[in-house]
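Subject: Structure handover

Hello,

Here is the structure you will be working with. Please open it beside this message while you read.

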Amino acid sequence: MAYLYILQSLVNSRYYIGSTEDWKRRLGEHNQGKSRYTRLTKPFRIVFLKSYSTLKEAHGIELELKKLKSRKIIERLIEEQKI
């Protein structure tokens, strides 16, 4: 199983989108500063998590969301998941 996740920085409220097969490990890596892109804006909380059958599928959705570069779309996804 693979996951698409969205993190939110507790420092500046920005979002980070990623995909992984182990979201708990990956969240820990982000919060420990092991990710170059998110190192300066840690700590993070997970605000969206969706499972997929393959990492390829999750990564494809990740890339599509990153191409959109839309905070509104990200926030809509987060809100829809809460329902």
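Predicted model: local features only at pLDDT ≥ 70, side-chain atom pairs only at ≥ 80, totals over all residues.

Residues are numbered from 1 along each chain as its sequence is written, and side-chain values use heavy atoms, with hydrogens and water left out.

A search of the whole structure finds 2 aromatic pairs (rings of Phe, Tyr and Trp, the last by its six-membered ring, with centres within 6.5 Å; planes under 30 degrees apart are stacked, over 60 edge-to-face, the rest tilted). Tyr5 and Tyr16 form a tilted pair, with ring centres 6.4 Å apart and planes at 40 degrees. Tyr5 is in strand β1 and Tyr16 in strand β2, so this pair ties together parts 11 residues apart in sequence (strands are DSSP runs of E, at least two residues; helices are runs of H or I, at least four; both are numbered from the N terminus). Tyr16 and Tyr37 are also tilted, with centres 5.7 Å apart and planes at 40 degrees.

Tyr16 counts as buried at 13% relative accessibility, whereas Tyr37 is exposed at 63% (buried is under 20% relative accessible area, exposed over 50%, partly exposed in between, with a 1.4 Å probe and protein chains only).

Ala58 lies in helix α2 and is buried, at 0% relative accessibility. The C-alpha atoms of Ala58 and Met1 are 9.5 Å apart, although 57 residues separate them along the chain.

Regards
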